[in-house]
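This briefing is meant for a reader who is meeting the structure for the first time. Please keep the sequence and the 3D view at hand while going through the points below.

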There are 2 protein chains.
Amino acid sequence: MSSPAESAPTLATVAVEAGVSRQTVSNALNSPELLRPATLERVQEAVERLGYSPNRAARNLRTRTSHLIGLRVEPAVEDSANALMDRFLHSLVESTRDAGYHVLLFTGTFTGTFTGTFTGTETGSDVSGGEARLTDPLDGYEELLRSAAVDAFVVTDTYRGNPQAVWLQQRSVPFVAFGRPWAEPHARHPWVDVDGQAGVQLAVDHLVERGHQRIAWVGWHKGSYLGEDRRSGWTDRMDAHELPTTRLSARGDDTLDFGRRAAHALMDSEHPTAFVCASDTLAMGVMRALDERGLRAGRDLAVVGFDDSLAAQVCTPGLTSVRQPLEQVAVEIVRYVGDLLAHRPIQTPGRTLAPTLSVRATS
Amino acid sequence: MSSPAESAPTLATVAVEAGVSRQTVSNALNSPELLRPATLERVQEAVERLGYSPNRAARNLRTRTSHLIGLRVEPAVEDSANALMDRFLHSLVESTRDAGYHVLLFTGTFTGTFTGTFTGTETGSDVSGGEARLTDPLDGYEELLRSAAVDAFVVTDTYRGNPQAVWLQQRSVPFVAFGRPWAEPHARHPWVDVDGQAGVQLAVDHLVERGHQRIAWVGWHKGSYLGEDRRSGWTDRMDAHELPTTRLSARGDDTLDFGRRAAHALMDSEHPTAFVCASDTLAMGVMRALDERGLRAGRDLAVVGFDDSLAAQVCTPGLTSVRQPLEQVAVEIVRYVGDLLAHRPIQTPGRTLAPTLSVRATS
DNA sequence: ATGAAAGCGCTAACAT
DNA sequence: ATGTTAGCGCTTTCAT
């Protein structure tokens, strides 16, 4: 690279430059403790002088590893506050780098378009309040693995009932999931998850401390494991505080409009003083409903969201929200990937991390 | 993969299965037109039956390509509405896939922490209203290139005055920039950018149509090329409509708090009826200021942001915002990457795309 | 249209 | 502690 014309140096170039054999250069890089200090230094100087970096393809071919971790990205959902991906992605890239890996992004091919209300779990989908693009949830994984393009996968969309997990496990594909294997309690792959129940408990306790008694839940359909987990934090703590939950719960799509309509319905009949929501998107819908009634979140009623999205941070008034420790999630995931690839036995197959509450003006 | 024990099939396995030589299998994959239809079909059946995918490392070693495109990700900035990355990233992954490539993510190593107001352009930084993590803007590129891990880069943070572009060009690194080479008008690398001036013009015309006459600008520091480009859309159209701009402009950090303070200051002395902002983050700050004065965006005053972030979409009232055609940006970038790697001459070194205006309740 | 030979750059296994 | 040999799986000549 130092001079554009000459081709990149190889092990052989460095070997000649340092006056040693190719193997010694290889050892200097991979097992420096084998070299006599003087030789090591001579080789390192040559490496430095030539600007040598070992060719990845050659190394990958020989070692049968790529030091790449595959991550399938789903389309960003419009009209939703769910911007977790940015934060998680960077944390993941940083963690993988510290472990000597890189992240390879891929995507599924779209198999069609779906309009209506999403209910099933057999295909991935991105619901944006109406239209969704359907993708085969397994598309892309197989080819990357067979071609040895990646060593392992990080699977993030397991919350839909993760059909991937079953398939990947059957094929003994190395992967770590962000999300518990809800539908398969006996699954034995490593996973990292955030305790949604604990997060909502934090929210409820916070609201009770603030004097609220009629606290409503606005969440997702009954079929959603994640949704029910978060909701259980509400029922648990409400029961513990001996507060009513009857008719104070609404379940539906993860859309702004459902949050809005649910809030209107609840306010019409049940007069809650606070809303706890399964997502920031729903919370934004609740805020919209309050606004439409001339009410103000934080003064007239309290609202708490889930995800601590950028929208929660910058909207007015600032939305109190449960924050997932994504940085820590990424670190734990990469640790598991390391264990997997080193064939170290996985002691605990899963790890649940505790979220925190970002308190802002709406509560 | 079909049976966990047996190792992955290779060209040789397929050749035996199909009763041809290894070379013929290779041809079937890479130059199918060379084979007689009957032979081709026989080979394809064998490929299918064995679940064969060519080993990437071996192919990469031989062809000296990786079919990987490197993208450096910067940390997600907290307390900012700037969630462009999600949308852009997915578009890029999709476009690259269609072109037979994958995206490899990497990150710079942090060299320190910075507190205060960002002004320089010599290092990358992420300003989050106070503390920033500094990274060497070139870190990571060189090693990936020397080791042939990637074929080319997509460089996204060129708006800071892109020191990368100069360095990468000097080394004749193949890369395409998202963002014009503002500081180096004679740079000859391919780039794709969005016309910020045109976006703001759209916003101003929209507001004038709505009857506004005192339209204020809330933007970034004078040193920001991007910021000045967007601002010129305001001055241009204001002049064209023969509307005043004097003392109606504020420039500062890209933070919610600056937007808020700027809005207060402008309202105290200049009584604007509308605000056009260089970013959604600033617009959110303006909305905060309005709220603090008991005013309502969309009823009492108009506000327009830039980026069409998720926050703009879900906040109440919905924020009118300039939307960048990121999907198209990604497509154009990948087209340039293809030209670059195929050594096709680059006809036009840069391409500017027109944004649109997403009109919502604040205007 | 198909096959044989060579070699990309590296590291594992073995020898010294 | 260093050198020698072989081969990972593929594609690029070149020959048939």
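Predicted model: local features only at pLDDT ≥ 70, side-chain atom pairs only at ≥ 80, totals over all residues.

## Two chains and their parts

Strand β2 (residues 102-106) of chain B and β2(A) pair with each other in the antiparallel sense, and the pairing runs over three bridges.

**Where the chains meet**

- Taken as a whole, the meeting of the chains brings 55 residues of chain A into contact with 55 residues of chain B.
- On the side of chain A that touches chain B, at least two residues each are supplied by α4 (56-63), α5 (84-98), β2 (102-106), α6 (141-146), α11 (280-292) and α12 (310-314) of chain A, and the largest share, eight residues, comes from α5(A).
- By class, the residues on this side of chain A divide into 29 nonpolar, 14 polar and 12 charged.

**How the copies are related**

- Chain A is superposed on chain B by a rotation of 180° with 0.0 Å of shift along its axis, and the RMSD is 0.1 Å; the two copies are thus related as by a two-fold rotation axis.
- The copies meet through the same surface, because 100% of the interface residues of chain A are also interface residues in chain B.

**Domains of chain A**

- The domain assignment divides chain A into domain 1 (4-60), domain 2 (68-194 + 326-354) and domain 3 (196-323).
- Taken over C-alpha atoms, the centres of domain 1 and domain 3 of chain A are separated by 60 Å.

**A six-stranded sheet in chain A**

- Six strands of chain A form an open sheet with mixed pairing, in the order β9-β8-β10-β11-β12-β14.
- The edges of this sheet are held by β9 (249-252) and β14 (356-358) of chain A, each of which has a single partner strand, so that one side of each is left without a neighbour in the sheet.
- Direction ignored, neighbouring strands of the sheet are turned by 20° against each other on average.
- Strand β12 (residues 320-323) of chain A pairs with β14(A) in the antiparallel sense over three bridges, and here V322(A) stands opposite L357(A) in β14(A).
- Helix α11(A) packs on the sheet, where it touches β8 (215-220), β10 (274-277), β11 (302-306) and β12 of chain A, and the direction of α11(A) makes about 155° with that of β11(A).

**Crossing helices in each chain**

- In chain A, the axes of helix α2 (residues 22-30) and helix α3 (residues 37-50) come within 10 Å and cross at roughly 95°, and α2(A) and α3(A) are therefore roughly perpendicular to each other.
- This contact is made by T24(A), V25(A) and A28(A) of α2(A) together with T39(A), L40(A), V43(A) and Q44(A) of α3(A), residues that divide into four nonpolar, three polar and no charged.
- In chain B, helix α2 (residues 22-30) and helix α3 (residues 37-50) pack at an angle of about 95° with their axes 10 Å apart, and α2(B) and α3(B) are therefore roughly perpendicular to each other.
- The contact in chain B is made by T24(B), V25(B) and A28(B) of α2(B) and by T39(B), L40(B), V43(B) and Q44(B) of α3(B), with four nonpolar, three polar and no charged residues by class.

Conventions
Residues numbered from 1 in each chain as written. Chains lettered and ligands numbered in written order. Axes fitted to C-alpha atoms, helices over the stretch in contact; angles between N-to-C directions. Helix = DSSP H or I, 4+ residues; strand = E, 2+ residues; numbered from the N terminus. Parallel < 35°, antiparallel > 145°, perpendicular 65-115°, else oblique. Contact = placed C-beta atoms within 7 Å. Nonpolar A, V, L, I, M, F, W, Y, C, P; charged D, E, K, R; others polar. Pairing = 2+ DSSP bridges. Least-squares fit on C-alpha atoms with pLDDT ≥ 70 in both. Domains from an automatic or database assignment.
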